[in-house]
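Welcome! Have the sequence and the 3D view at hand as you read.

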Amino acid sequence: MIGSIIFAANTGLGILAKSFYDNGVVGKVLVINHPNYGKKDDWYKPEDVCDTLEEFLKSVDTVLLFEVADLLNGTDWTILETIQRAGKRVVLMPMYESTPTPQHIKPDLWLFPSKLDELVYRKKGIYGQTLTIPVDVPWRLRKRAKVFVHNAGSSGSQYMDRNGTEVLLKALPYVKSDAKIIIRGRDIRFDDLNLPNVTTVSRDVPYSELWDEGDAFIFPERINGLCLPLQEAHAAGMLVIAGNRFPVNCWLPNEPLLPVTETLVTGKYWQDVMMADYNAESLAASIDSWYGRDITCFSEVGQAWAKQNSWDKLRGKYLEVL
């Protein structure tokens, strides 16, 4: 039996864990309250939810961790040792920028969700297996780029402008076209934003509705390796405007990607990260250049990518590894 210690909250990590459960890879869970969003009691069947760590460890053979185990025991990650002392196998899927340095943690297997994670840890002498995160979102053919969407995320996503919201806000006054722009930001205030072509959404948008609206997705990310929003937008059939840099330029259509300059940032995260910087006027020019254009081919490329990276295609590989 494969288990996981998870958030049951409408956040990136929460949705990631739920996808592994919904698709039959994870069978038992120990739910931790999200510090800002609590937990959703209807996401997991009661019989699959363990009340204590002791009960959880008795019910599983392998524990897959999605970067949240430190919340049980502090940032020393002693939870890994606890799991292993119980005779259970630990598989850790790291976020390259925030998983502690190697000497602190020794899982039985590192499972890398992107080529960037693999590269970062290989330089430290750590090897594992790399598997794409499966994505199953409703695809819809988008024919022309008229509505542009940006998901700013929660207030925590604004640390160091992780999702590129600040550069987008700086770019908006330079947009000359009639492009409709929707910015979603939970716990983020847009008091100074008063532009006729911009709509802001501050409520918590359900995951099932995230990709219903919009033709193009604007996401000038600054530090992401695994970037689920980019994968999901691409799989949903949207034109994706992001930074032209590794690893996303290995699988996203490159034509809409933006030029970036990268700077090494140390001391802000557990690991050093290459932070991307964007020019606001160039981002505005990109929005104007894509507005009204035929994006059918990009939408169809997204559909093909989604089929190759669906749970139907990758479930067996995950079960084999875990």
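Predicted model: local features only at pLDDT ≥ 70, side-chain atom pairs only at ≥ 80, totals over all residues.

A charge sits over a ring if NZ of Lys or CZ of Arg is within 6 Å of the ring centre and within 35 degrees of the ring normal. With that in mind, look for Arg 293: its charged end sits over the ring of Trp 290, 3.8 Å from the ring centre.

**The seven-stranded sheet**

Let us turn to the strands. Seven of them make an open sheet with parallel pairing, in the order β3-β2-β1-β4-β5-β6-β7. At its edges are β3 (49–50) and β7 (129–130), each of which pairs on one side only.

Inside this sheet, five bridges join β1 and β2 in the parallel sense. Is β2 enclosed or open to the outside? Five of its five residues are buried, so β2 is largely enclosed by the rest of the structure. In a regular strand the side chains alternate between the two faces of the sheet. Here Lys 28, Leu 30 and Ile 32 point one way from β2, Val 29 and Val 31 point the other way, and all are buried.

Next comes β8, at residues 147–153. Six of its seven residues are buried, so this strand too is largely enclosed by the rest of the structure.

| Partner of β8 | Bridges | Sense | Example of facing residues |
|---|---|---|---|
| β9 (residues 180–185) | six bridges | parallel | Phe 148 and Ile 181 |
| β11 (residues 216–218) | two bridges | parallel | Val 149 and Phe 217 |

In soluble globular proteins, nonpolar side chains tend to be buried together. In this model, the largest nonpolar core has 52 residues, and those with the most contacts inside it are Phe 20, Leu 64, Leu 111, Leu 230 and Tyr 318. Several helices and strands each supply at least two residues of this core, among them β1 (2–7), β6 (109–112), β8, α7 (228–235) and α9 (296–308). Which element gives the most to this core? It is α1, with five residues. A second, separate core has 28 residues, including Ile 79, Leu 80, Leu 92 and Ile 105.

**Phe 20 and the aromatic rings**

Phe 20 deserves a visit of its own. With a relative accessibility of 0%, Phe 20 counts as buried, because buried means under 20% relative accessible area. Leaving aside neighbours within four places in sequence, Phe 20 is in contact with Val 25, Val 26, Leu 64, Phe 66, Met 93, Ile 133, Trp 311 and Tyr 318.

Across the whole structure, a search finds 12 aromatic pairs. One of them joins Phe 20 and Trp 311 edge-to-face, at 4.9 Å centre to centre and with 90° between the planes. Because Phe 20 lies in helix α1 and Trp 311 in helix α10, the pair ties together parts that are 291 residues apart in sequence. Trp 311 is buried as well, with a relative accessible area of 2%. Together, Phe 20, Phe 66, Trp 311 and Tyr 318 make up one aromatic cluster.

**Met 275**

Our next stop is Met 275, which is found in strand β14 (residues 273–277). Its relative accessible area of 7% makes Met 275 buried. Apart from neighbours within four places in sequence, Met 275 is in contact with Met 160, Arg 222, Ile 223, Arg 245, Thr 261, Glu 262, Thr 263 and Val 265. Between Met 275 and Phe 112 there are 163 residues of separation in sequence and 20 Å in space, C-alpha to C-alpha.

**The cysteines**

How many disulfides does a search of the whole structure find? The search finds zero disulfides. Cys 250 is in no disulfide, and the nearest cysteine sulfur, that of Cys 227, is 14 Å away. Cys 250 counts as partly exposed at 45% relative accessibility, whereas Cys 50 counts as buried at 5%.

Technical notes: Residues numbered from 1 in each chain as written. Heavy atoms only, no water. Disulfide = S-S within 2.5 Å. Buried < 20%, exposed > 50% of the residue type's maximum accessible area, 1.4 Å probe, protein only. Helix = DSSP H or I, 4+ residues; strand = E, 2+ residues; numbered from the N terminus. Pairing = 2+ DSSP bridges. Core = buried A, V, L, I, M, F, W, Y, C linked by side-chain atoms within 4.5 Å. Contact = heavy atoms within 4.5 Å. Phe/Tyr/Trp six-rings, centres within 6.5 Å; stacked < 30°, edge-to-face > 60°.
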